[in-house]
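These are my notebook entries on one protein model. I set down what I looked up, entry by entry.

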Amino acid sequence: MFNSPLPQDSGPQAGGGQTAFYARSNKVPLPLIEKASGIYFWDSEGNRYIDVSSGPVVSNIGHGNSTVAERMAEQAKTMEYAFPRLARNHPNIEYSGRLAELAGPGFERVHLTSGGSEAMENAIKFLRQYAIATGKSSKTRIITCEPSYHGATIATLAMNGEILMQPFLDGFAEPSVKVPAPLNYRTPAGYDAAGYALHCAKCLDSTIQKLGKENVLAFVIEPIGGLSTGCVVPPGEYFSHIREICTRHDVHLVFDEILCGMGRTGRFLAAHHWPEAMPDIITLAKGLASGYSPLGAVLAPAVMVDKLADLSGFEFQYSYNANPVSCAAGLAVLEEYENRDLVNRADSSGKKILAGLKRLKTSISIIGDIRGMGMLLAVELVADPKTKQSFPNEFCLTDKIRIYGLNHGLMIYSRQTSGGKYGHWFLVSPPLTISDEEIDELLEGLGSALSELQANCLESGRR
Ligand SMILES: Cc1ncc(COP(=O)(O)O)c(C=O)c1O
């Protein structure tokens, strides 16, 4: 269907890699990446690609960082593993201390996991165990947003606001209760962004009252959207409202910062943008070890963790929690952040990228919206910018964005949620280390790829 010069992984081979599990109907080539450095990938054919989205917003410090690799190797040679139920280890103690310092007051305790979904699961398990230990065992219900993404374990799939998962979950896992996400481009008729955000906050309030506050454990939200909403940034007042509502109803407020944390938005935590509305718990992953090792974290207040430790303790454990090599990777990544001032660069370089994307919008009419914060940006493409009408599903827009990107040396992560109900977008979230010259190169490539895609859209529309 698509004309692409790139090789498609095909032959039946023992193992087959991850690709063997994907639908055979996938039409977008998956280049075989053999080398990576800075913002670039090279495939087996010698083609070079810019990592436009840091994968799924993982590779924050860029690829091929030998300092991090060496620190991991040193740790692996010195002491690669000690099971945290049986022994303590220095990298764990040092790393959790460093993260708590950066997170600031209210997040004095750090529980480490092997990734985002696991961090989300453990955050919920911690809150559930805390509720039971403090005599509030009727608190079982979780509220999340529609749309949203919190992971791919069975419990986190049930938390996601993704309509297409319904048949998978039916009779299998209990879905969380959903309230509308404070979207600000596709607001329903009669609402502006601020008015709709207020409406969404009121929905949270009425939903808690309907369920009975004694039954509601937590409200979990991505404070700045990622893959599920395309980097939606709610108005600041929304956070004051949800904080007040959760406090009034004795419901824990959880920020899923797995994607938007770790400096992406120009502050170490997205929560730091709204200090008057701090959540009770924050989850992190992805940029924590920036792709060098699997790592996730649950940040929690000492008052809760220490109280639970006195009562029952948090007893859930995975073999790879607080793995010393992952902690060494995390520590080395934080040093890179500090040495290269990456949180501030997310802000300054993000502004340059945003300005460049806005320039592209003046000549590319299929760009409907550009949104996000710092270096977490998304571009939503539409068939008609006046009506915000999306492209029909048959047009396979998210696939086409990726293909046109690859043809112009860009590895792009394009997404839609709930079968395109909320539109189609791609992320512009390169490694935070990107230089000014590389930003120009990225924008030039995007301009060419989108111009060609637009021509294809017009051509298809004519037929
Ligand atoms: C907001 C958010 N939460 C949770 C997850 C799950 O993280 P992981 O893929 O590391 O399990 C993701 C992954 O994309 C995410 O974007």
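This is a predicted model: local features need pLDDT of at least 70, side-chain atom pairs count only at pLDDT 80 or more; totals for chains, interfaces and linings use all residues.

Entry 1, helices α7 and α8. I began with helix α7 (residues 193-211) and helix α8 (residues 236-249), whose axes come within 9 Å and cross at roughly 10°. This makes α7 roughly parallel to α8, a term kept for angles under 35 degrees, with over 145 counted as roughly antiparallel, 65 to 115 as roughly perpendicular and the rest as oblique. On the α7 side I listed A194, A197, L198, C200, A201, L204, D205 and I208, and on the α8 side E237, Y238, H241, I242, I245 and H249. By class, this contact of α7 with α8 holds 10 nonpolar, two polar and two charged residues.

I note the conventions here. Helices (H or I, at least four residues) and strands (E, at least two) are DSSP runs numbered from the N terminus. Axes are lines fitted to C-alpha atoms, for helices over the stretch in contact, and angles run from 0 to 180 degrees between N-to-C directions. Residues are in contact if their C-beta atoms, placed from the backbone, lie within 7 Å. Ala, Val, Leu, Ile, Met, Phe, Trp, Tyr, Cys and Pro count as nonpolar, Asp, Glu, Lys and Arg as charged, and the others, Gly among them, as polar.

Residues are numbered from 1 along each chain as its sequence is written. The protein averages a pLDDT (the predictor's confidence in each residue, from 0 to 100) of 95, and 97% of the residues score at least 70. Over residues 1-7 pLDDT stays under 50, and the model has 12 contacts beyond four places in sequence for them.

I found that the axes of helix α4 (residues 116-133) and helix α9 (residues 302-311) come within 10 Å and cross at roughly 60°. The two helices are therefore oblique to each other. Their crossing is left-handed, that is, the near helix is turned anticlockwise from the far one by less than a right angle (right-handed if clockwise). Q129, Y130 and A133 of α4 meet M304, L308 and L311 of α9. I classed the residues of this contact as five nonpolar, one polar and no charged.

Which element gives the largest share of the shell around the ligand? I found that it is α4, with three residues. In total 16 residues surround the ligand (C-beta atom, placed from the backbone, within 6 Å), and the closest are G115, G116, S117, I258 and L259. The shell has eight nonpolar, six polar and two charged residues.

I noted that the peptide bond from E146 to P147 is cis, with omega near 0°. P147 lies in the loop between β5 (141-146) and α5 (154-159). M262, a residue other than glycine, has a positive phi, near 55°. I placed M262 in the loop between β8 (252-256) and β9 (281-284).

Note on methods:
Two residues are in contact if their C-beta atoms, placed from the backbone, lie within 7 Å.
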